[in-house]
Amino acid sequence: MSDIGRTVRTLLASVVKAALMGDDRASLLWREEAVRALDTIRAQAGAAAALTFDGLWVLAVREAEAPEYADQEGRVSFGLPVQCPFTLPELLAPGFDVDAAVERVRKSAATG
C-alpha cells in the first residue's frame, strides 16, 4: 500500500475510532489524529485521486474494531456501513469537518 493509501486509511480509521469511543477524551485524541492525516492528504491530493476508498474503508473499519479497542468502545453497537461514507472530493473540500464526519459515521452505524 502506498504512503497516501496508508494516510487515507489512518484518517478513516481515526474517524471510526472517534465515533466508537465511549470516552470523550479518547474520541478527541482520534479526532486530532484524523485532522493530521487530513492535512497530509490535502497536501498530496493528486496521489490520493487514484485510490479506491471502499477498500481502504474496509481496512479502516477492521483496524478500528480491533480487539484492543473493544473495552473503550461504547457509543455504537450496530455494524458500520459496508461502503465508505466519504468521497475524495468531500475530504478535500475546504469545509470538510472531522467532527461532522465522526457524527456521520456514528449515525450511519447506529442506523445500519
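How many of the 18 residues of α1 are buried? In this predicted model, the number is 14, so α1 is largely enclosed by the rest of the structure.

The protein chain contains six helices and zero strands, and from the N terminus on its elements follow the order α-α-α-α-α-α. Of the 112 residues in the protein chain, 43% are buried. The accessible surface of the protein chain amounts to about 5800 Å², and carbon and sulfur atoms contribute 54% of that area. Among contacts in the protein chain with a separation of 6 or more, 82% are accounted for by residues 24 or more positions apart.

Helix α1 covers residues 3–20.

Isoleucine 4 is located in α1. The relative accessible area of isoleucine 4 is 6%, and the residue is therefore buried, given that the term applies under 20%. With neighbours within four places in sequence left aside, isoleucine 4 is in contact with Thr40, Ile41, Gln44, Ala47, Ala48 and Leu51. Between isoleucine 4 and alanine 50, the C-alpha to C-alpha distance is 9.9 Å, with a sequence separation of 46 residues.

Notes: Residues are numbered from 1 along each chain as its sequence is written. This is a predicted model: local features need pLDDT of at least 70, side-chain atom pairs count only at pLDDT 80 or more; totals for chains, interfaces and linings use all residues. Side-chain values use heavy atoms; hydrogens and water are left out. Helices (H or I, at least four residues) and strands (E, at least two) are DSSP runs, numbered from the N terminus. Buried means under 20% relative accessible area, exposed over 50%, partly exposed in between (1.4 Å probe, protein chains only). Contact means heavy atoms within 4.5 Å. Accessible areas come from the Shrake-Rupley method with a 1.4 Å probe; for residues, only the protein chains shown count as cover.
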